[in-house]
Amino acid sequence: LNERFNRSNSLWALGLAAWRQGDRQRSAELQRQALRLKWEIDDRLGAALSVEALAAAEALDDPTRAATLLGAAESVWRTGGTRQETQQHLAGYHDECVQRARQGLGKAAYGKAFRRGLGLSPEDSVAYALDDTFEDPFEGADTWVARQPGPESPSPTALTRRERQVAELIGHGLSNKDIAGTLVIAQRTAEGHVENILAKLGFRSRSQIASWVARTGSPDS
C-alpha cells in the first residue's frame with residue numbers, strides 16, 4: 001500500500017535496537033532506510049532523529065563523520081519546528097554519541113566537524129547522511145564558517161533551551177562543575193553543552209559567551 005510513515009518509524013526503532021545490541025553496521029543501514037522514507041514524506045522531525053541515530057551508529061568507526069552528522073541533524077531540526085530537548089527519552093544515545101566523537105577527535109576537531117554539518121542545508125544534510133552523491137560546498141575550504149552566526153550578533157534561537165540555560169550560567173561566571181551542580185547534570189554533560197554552544201555561536205572562549213549574554217540579556221528570556 002506504499003505506507004511510509006509507520007514503516008519509517010519501525011525502521012528507526014529497529015535501528016536503535018540494533019545499535020543497543022552492538023550491531024553498528026545494521027543499525028546504520030536501517031537508519032538510512034528510515035531516513036529515505038522520512039525525507040520522502042517531509043517528516044523533518046523524524047529525519048532529524050534518524051540522522052542523529054545514524055551519527056550514534058558511526059561514532060566509534062568514524063568520529064569525524066559522526067560529529068558532522070550531529071551538526072547536520074541540528075540543521076534539519078531547525079526546519080522541523082520541534083527542538084531536540086523535547087525528545088528527552090533519546091538523550092542517552094545523543095550524549096553518548098557526542099562523548100565518543102569528542103574523545104575520538106578532541107574538542108577543536110569536534111567543533112570544526114560539528115560546524116561543518118551545521119552549515120549544510122537540510123537537503124545536503126540528508127544527502128550526506130545517506131552517502132548520496134552531492135557537491136559539498138565546503139569541501140577543501142573553511143569558508144563554511146561564514147555561514148554561521150557572526151560573533152557580534154548570533155541568534156539565541158540557535159541554542160536549545162538547555163544550552164541557553166548553560167549560557168546564562170556561564171554569563172554569571174559559573175564553572176562547568178558549578179553548572180552541573182546547578183542543573184543537576186553530570187559535569188561531562190555540562191562540558192558537552194558548552195562545546196555545542198561555542199560551536200553553534202562561532203565563539204572560541206567562555207568569555208565570548210559571557211559577553212554575548214551581557215549584551216543580549218538572558219538567552220532564555
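Modeller: Happy to. One term first: by contact I mean heavy atoms within 4.5 Å. Also keep in mind that this is a predicted model.

Biologist: Thanks. How many helices and strands does the protein have?

Modeller: There are eleven helices and zero strands.

Biologist: And how much of the protein counts as buried?

Modeller: Of its 221 residues, 48% are buried. The accessible surface is about 10,600 Å², and carbon and sulfur atoms make up 48% of that area.

Biologist: What share of the contacts with a separation of 6 or more comes from residues 24 or more positions apart?

Modeller: Those residues account for 67% of such contacts.

Biologist: Let's go to the end of the chain. Which residues of α11 are buried?

Modeller: In α11, which runs over residues 206–216, the buried ones are I209, W212 and V213. They span an arc of only 100 degrees around the axis, so they sit on the same side of α11.

Biologist: What covers them?

Modeller: The cover includes α8 (161–171) and α10 (187–201).

Biologist: Now α3. Is that helix largely enclosed or open?

Modeller: Helix α3 is largely enclosed by the rest of the structure, because 14 of its 15 residues are buried. It covers residues 44–58 and reaches 21 Å from its first C-alpha to its last, close to the 21 Å expected at 1.5 Å a residue.

Biologist: Switching to charges, how many salt bridges does the search of the whole structure find?

Modeller: It finds eight. One of them pairs E74 with K200, at 3.6 Å from N to O. That pair links distant parts of the chain, since E74 is in α4 (residues 63–77) and K200 is in α10, 126 residues apart. Both E74 and K200 are buried.

Biologist: What about E163 and K200?

Modeller: E163 also forms a salt bridge with K200, with the closest N and O atoms 2.8 Å apart. E163 lies in α8 and K200 in α10, so this pair ties together parts that are 37 residues apart in sequence. E163 is buried, as is K200.

Biologist: Which residues are joined into one network?

Modeller: R32, E58 and R65 are, through salt bridges that share partners.

Methods. Residues numbered from 1 in each chain as written. Predicted model: local features only at pLDDT ≥ 70, side-chain atom pairs only at ≥ 80, totals over all residues. Heavy atoms only, no water. Helix = DSSP H or I, 4+ residues; strand = E, 2+ residues; numbered from the N terminus. Expected span 1.5 Å × (residues − 1). Buried < 20%, exposed > 50% of the residue type's maximum accessible area, 1.4 Å probe, protein only. Areas by Shrake-Rupley, 256 points an atom, 1.4 Å probe, with all protein chains shown as cover. Arc of directions from axis to C-beta. Salt bridge = Lys/Arg side-chain N within 4 Å of Asp/Glu carboxyl O.
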